[in-house]
Amino acid sequence: MEVTPQMRAATLAAVEALLDRPCSGPPPGQLHGLVRAAIERRREYLDAALRFGTPQYLLELGQAAAGAARFTAAFAAPGRVTRVHYAFKANPTLPLVQALQQAGLSADASSGLELELALRCGFEHIVLSGPAKTDDELNLALEHPARVTVHLDSFAEWERLEALADRRGVGIDVGVRLNTQGHGLWTKFGIPLNALPELVARERPGGRIRLRGVQFHLSWNRSASGYLQTLAEFGPALAAHRPAAGWAFVDIGGGYYPEDDEAVYPWMTPVGRLLSLVGQWPTDGPPPAWDGNCLVPPVQPIETMAAQINEAFAAHVERPLGPVALWLEPGRYLANPTTQLLLRVVDIKAPDVAITDGGTNLLGWERLELEHCPLINLTRPAATQRPGKVYGSLCTPHDLWGYASYAADLQVGDVLMLPAQGAYVQTLAQRFIKPLCQTVVMAANGTLSLGRSAEAFLERYPEFATAAGSVEG
Ligand SMILES: Cc1ncc(COP(=O)(O)O)c(C=O)c1O
């Protein structure tokens with residue numbers, strides 16, 4: 001590829017501009033809150049490691065109930081129906097889903113599997129969401145029209161659901177996912193806001209598809225601003241175009257970030273990547289003399305986000321439309337703090353290279369090369385980080401847990417904890433080389449039990465369970 005003089009000049013100017021604003025990102029710091037909480041409760045976690053072994057996902061049901069109560073209280077508004085649907089995709093582990101059902105939440109299912117789980121767990125209010133729903137999934141929803149609202153993703157899906165509903169002679173409530181220009185890549189989902197008139201016109205008087213609401217979803221929100229902007233955009237459109245029975249709900253989706261959850265390595269910022277690219281910093285891992293600080297993007301507490309969203313909902317939706325229910329679909333916020341990953345050091349290869357008994361197949365991908373989550377030595381804890389790479393048990397160098405650990409020392413047999421691994425971790429874990437690990441459940445009263453054993457040979461190779469597959473000799 002030829003670099004023209006114009007491209008060269010523009011690139012050099014862009015690089016200078018980048019280097020001129022070194023501190024424009026989030027403030028440097030560490031996730032001390034997460035570390036402190038882990039160290040305070042280290043005896044309980046060490047007990048779980050001792051009794052059940054490592055690696056293990058330790059699921060804390062007390063955290064699930066506390067998170068559900070806090071989220072629900074934050075969004076409660078007098079005179080309004082507010083419904084919190086837990087997004088199963090974040091973590092559909094059975095005891096977690098059951099605990100959230102008992103905490104009074106509703107369900108957000110995004111596949112037939114998740115819908116069946118929600119139905120079997122006894123959820124009374126379920127949304128079936130997501131693109132490319134199959135006829136089987138739509139039929140399952142039609143078997144339970146009193147409990148399931150289908151969030152349609154396109155006009156074509158409306159037609160398919162309508163045909164299936166007519167065939168069964170069953171009516172069902174639907175919402176429709178809308179996207180707005182602000183959603184960028186997210187235009188994959190739903191229909192554009194400017195198609196709302198066509199959508200409303202599609203409802204047949206007395207037809208089986210009852211248009212009751214709209215849904216949107218924005219991911220990874222550390223503040224309320226995206227929700228406020230979208231509600232302001234939706235309000236006038238919903239007021240101008242209403243279905244025959246009016247709008248019953250607006251579902252604002254998930255995307256609420258937990259506080260004190262993860263941080264950005266300095267070498268993964270634009271300036272850091274530039275320095276690595278031009279050879280000033282190493283191509284992988286920390287620069288020499290890294291002080292252990294990361295960049296910690298500030299996250300609004302859920303109460304602050306909820307207060308702002310509630311106000312915007314009142315102003316843009318309820319004021320023009322009258323009473324409308326607010327539906328939400330949090331996944332990460334509820335699931336992430338519930339699960340801690342416990343590992344054990346099995347080898348010290350060099351003073352700054354430790355190997356653990358669990359691999360990052362338990363996370364699903366090489367996430368910790370890119371993002372920082374604190375790694376805490378529960379056996380020999382420290383409030384500050386000790387440099388040294390901690391690897392997993394897989395045959396790949398990308399199997400890395402961290403570049404440093406909160407440890408006074410690291411020795412073979414020490415138990416390490418990676419806290420807050422409850423969302424999009426077990427769902428993404430891979431059967432790569434090693435088995436998927438066990439899940440241990442800590443009840444709200446602290447009692448421990450085995451939730452699910454580590455993956456066994458016959459689960460991976462059920463063919464050997466039959467006579468024809470048995471091993472000869
Ligand atoms: C429609 C919808 N609702 C809810 C969620 C849950 O989001 P989060 O886990 O970020 O709260 C997602 C996640 O992708 C989603 O697509």
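Two residues count as in contact here if their C-beta atoms, placed from the backbone, lie within 7 Å. Helices (H or I, at least four residues) and strands (E, at least two) are DSSP runs, numbered from the N terminus.

This is a predicted model: local features need pLDDT of at least 70, side-chain atom pairs count only at pLDDT 80 or more, and totals for chains, interfaces and linings use all residues. Residues are numbered from 1 along each chain as its sequence is written.

I'll start with helix α8, residues 155-168. Its 14 residues should span 20 Å at 1.5 Å a residue, and its end C-alpha atoms are 20 Å apart, so the two agree; the expected span is 1.5 Å times one less than the number of residues.

Glu157, Trp158, Leu161 and Ala165 of α8 are buried, meaning that 20 or more other C-beta atoms lie within 10 Å of their own, while exposed means 12 or fewer. Those four cover an arc of only 100° around the axis, and therefore lie on the same side of α8. The arc is taken from the directions from the helix axis to the C-beta atoms. The cover over these buried residues includes α7 (135-142), β6 (148-152), β7 (172-179), α9 (196-202) and β9 (209-215). On the face turned away are the exposed residues Ala156 and Arg167. After α8 comes Gly169, with a positive phi near 70°.

Now the domains. Domain 1 is 28-56 + 338-444 and domain 2 is 61-261 + 293-336, with bounds from an automatic or database domain assignment. Their C-alpha centres lie 34 Å apart.
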